[in-house]
Amino acid sequence: MSEYETYMEEKNRIDSYFDKGYQVISIFENLSGTFVDFVTGEGASEREVVQLQLITAEARKYIATKLLFVS
Amino acid sequence: MADLRINLAGIKSPNPFWLASAPPTNSGYQVQRAFEAGWGGAVWKTLGDPIINTTSRFAAASFNGKKVAGFNNIELITDRPLEVNLKEIYETKKRFPDHAIIASIMVEPKQEKWHEIVKRVEDVGVDGFELNFGCPHGMAERGMGAASGQVPELVEKQTYWAKEVAKTPVIVKLTPNITDITVTAEAAVRGGADAVSMINTINSLMGVDLDSWNTVPNVAGKGAHGGYCGPAVKPIALNMVGECARNPLINVPISGIGGISNWKDAAEFILMGSTGVQVCTAAMHHGFSIVEDMIDGLNNYLDEKGIVSVMDLVGKSVPKYSNWGDLDLNHKVVARINNDTCINCNKCHISCEDTSHQCIEMLVDANGKSYLKVREEDCVGCNLCSIVCPVDGAIDMVEIKQALPSMTWNQRQSRIASFMTEKVAK
């Protein structure tokens with residue numbers, strides 16, 4: 001898979017979680033990339049925490065841009 | 001016709017082109033011929049205790065058939081007594097009162113030594129001084145030159161000593177053989193420097209002879225490191241000038257030195273904050289007459305830009321010189337190949353495929369004709385293909401308008417900091 005295709009997959013996952021009302025509760029970065037923990041939004045019947053690993057540079061930019069200018 | 005006169009910390013010059021302190025400014029004969037050719041000023045070859053030079057003192061790097069891409073020297077300061085130099089400085093100034101003569105000086109780091117040489121040299125009518133804290137070979141081993149220039153406290157102290165007695169402006173010449181030249185530039189300003197000049201030459205060894213195993217240059221089979229200059233060092237010098245120009249604590253004029261070969265180079269240094277420039281290698285390669293093209297070229301450029309005085313050009317690019325962390329990560333350019341101009345040499349494909357992001361495809365059209373195409377979604381806009389392409393205009397770097405707003409690295413890190421944890425991956 002090309003790096004662009006990998007990025008688009010990661011971007012779509014990020015957008016999907018935000019669209020479903022998930023919020024970012026934590027981020028950490030290490031040798032393996034950026035790990036983003038999403039939690040279900042207020043009003044969700046069940047609290048669910050999911051972790052997304054972002055390995056492409058474009059996705060690691062994208063998540064920060066979303067947090068900076070959207071939330 | 002633009003006004004090319006400059007005033008660098010009170011030193012007036014008919015144009016910004018000075019000869020740097022080096023072999024071309026060794027004697028009155030040479031400096032006078034340089035002034036006749038049109039140079040605005042000259043920094044006299046460094047005065048101090050006369051040294052003894054070796055033979056075989058220069059070497060050069062040629063590249064792809066172009067001679068003197070870089071130049072190396074193991075020559076030291078003046079080998080003539082002070083009185084001889086002072087007499088020639090006096091005579092030169094008398095013949096050319098409107099051209100700037102700056103005396104480069106270097107003595108041991110002792111207050112009385114600096115006082116003595118400043119007073120004696122100033123008496124013959126120089127327009128200013130340049131303190132040599134940069135010679136990387138020969139003098140550094142004696143505690144002078146770069147040995148002083150690498151220690152901020154010594155730069156500050158010696159500048160202060162010179163300023164205690166100098167009545168004319170004092171320029172401090174800085175060595176690039178240092179981690180951060182702004183530290184020593186700040187020290188020079190604290191010491192009272194009226195201006196700073198940079199860069200001096202870079203520690204270097206030109207090469208090794210593959211047959212004799214001698215270094216190049218060598219003296220009877222032995223070599224020593226020398227100072228590198230010429231076109232190859234221009235990017236290093238230009239950066240150092242720019243870093244000093246954008247530093248608010250270095251609030252004095254800059255005389256830019258380093259690989260300046262033509263009017264365009266000079267204009268770039270002026271845009272990055274130099275009030276005037278100094279030239280050495282290009283004059284040694286081509287002679288003093290190169291200043292004619294420099295003057296004409298700069299004049300025409302300023303006229304085209306509608307700029308009345310060269311002093312109005314100083315520092316115009318400095319606000320555009322930033323820290324990496326403040327660059328827009330969401331700015332995007334991609335390469336586009338103009339197939340009408342492309343000669344299908346495939347150099348772009350080879351470079352991209354082997355050493356960049358593998359996004360240039362070799363394709364065949366419906367007529368069986370080969371062509372190259374960039375896969376733009378995978379292109380990171382690194383510029384490599386346009387750099388290696390041998391045909392001007394065959395590859396353009398094109399900005400792609402982004403839906404995302406600008407975001408710098410510093411903004412990114414600041415925003416995600418509030419979410420950062422010490423957790424490990426699941």
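How many helices and strands make up the secondary structure of chain A?

1. Chain A, overall. This is a predicted model, and in it the secondary structure of chain A comes to two helices and three strands, which follow one another from the N terminus in the order α-β-β-β-α. The radius of gyration of chain A is 12 Å, close to the 11 Å that the globule rule gives for 71 residues, so chain A is as compact as a globular protein of that length. Its C-alpha trace spans about 35 × 25 × 20 Å along the principal axes, and 23% of its 71 residues count as buried. Among the contacts in chain A with a separation of 6 or more, 35% are between residues 24 or more positions apart.

2. A loop residue of chain A. A:Glu42 sits in the loop between β2 (33–39) and β3 (49–54) of chain A. Is A:Glu42 buried or exposed? It counts as exposed, because 8 C-beta neighbours lie inside 10 Å, and the cut-off for an exposed residue is 12 or fewer. A:Tyr22 is 20 residues away from A:Glu42 along the chain, and the C-alpha atoms of the two are separated by 8.6 Å.

3. Chain B, overall. The secondary structure of chain B comes to 13 helices and 20 strands, and its C-alpha trace spans about 80 × 55 × 55 Å along the principal axes. Of its 426 residues, 43% count as buried, and residues 24 or more positions apart supply 73% of the contacts with a separation of 6 or more. Chain B is divided into domain 1 (6–318) and domain 2 (324–412), and the centres of these two domains, taken over C-alpha atoms, are separated by 40 Å.

4. The contact between the chains. Chain B brings 18 residues to the contact and chain A brings 17 residues. On the side of chain B that touches chain A, the residues divide into eight nonpolar, three polar and seven charged.

5. Helix α2 of chain B. The 14 residues of helix α2 (residues 82–95) should span 20 Å at 1.5 Å a residue, and this agrees with the end C-alpha atoms, which are 20 Å apart. Which residues of α2(B) are buried? They are B:Asn85, B:Glu88, B:Ile89 and B:Thr92, and seen down the axis of α2(B) they fall within an arc of 105 degrees, so they line one face of the helix. An α-helix has 3.6 residues a turn, so residues three or four places apart point the same way. The cover over the buried residues of α2(B) includes α1 (28–37), β4 (41–47) and β7 (100–105) of chain B, whereas the face turned away from the buried side carries the exposed residues B:Glu83 and B:Lys94.

6. Helix α8 of chain B. Helix α8 (residues 263–271) is mostly covered, with seven of its nine residues buried; among them are B:Trp263, B:Asp265 and B:Phe269. The buried residues of α8(B) pack against β3 (17–19), α7 (234–245), β15 (254–257), β16 (274–279) and α10 of chain B. Just after α8(B), B:Gly273 takes a positive phi of about 115 degrees.

7. B:Leu302 in helix α10. B:Leu302 lies in helix α10 (residues 290–305) of chain B and is buried, with 21 other C-beta atoms within 10 Å. Leaving aside neighbours within four places in sequence, B:Leu302 is in contact with B:Ala2, B:Ile307, B:Val310 and B:Leu313.

8. Backbone geometry to check in chain B. A cis peptide bond, with omega about 10 degrees, joins B:Met198 and B:Ile199, and B:Ile199 lies in the loop between β10 (195–198) and β11 (202–204). The peptide bond from B:Val216 to B:Pro217 is also cis, with omega near 0 degrees, and B:Pro217 lies in the loop between β13 (215–216) and β14 (226–229). B:Ala220, found in the loop between β13 and β14, has a phi near 50 degrees, a positive value in a residue other than glycine, and counts as exposed, with 8 C-beta neighbours inside 10 Å. B:Gln358 has a positive phi of about 55 degrees although it is not a glycine; its place is in the loop between α11 (347–355) and β18 (360–364), where B:Gln358 is partly exposed, with 14 other C-beta atoms within 10 Å.

Conventions:
Residues numbered from 1 in each chain as written. Chains lettered and ligands numbered in written order. Predicted model: local features only at pLDDT ≥ 70, side-chain atom pairs only at ≥ 80, totals over all residues. Contact = placed C-beta atoms within 7 Å. Nonpolar A, V, L, I, M, F, W, Y, C, P; charged D, E, K, R; others polar. Helix = DSSP H or I, 4+ residues; strand = E, 2+ residues; numbered from the N terminus. Rg over C-alpha atoms; globule rule 2.2 N^0.38 Å. Buried ≥ 20, exposed ≤ 12 C-beta atoms within 10 Å, placed from the backbone. Domains from an automatic or database assignment. Expected span 1.5 Å × (residues − 1). Arc of directions from axis to C-beta.
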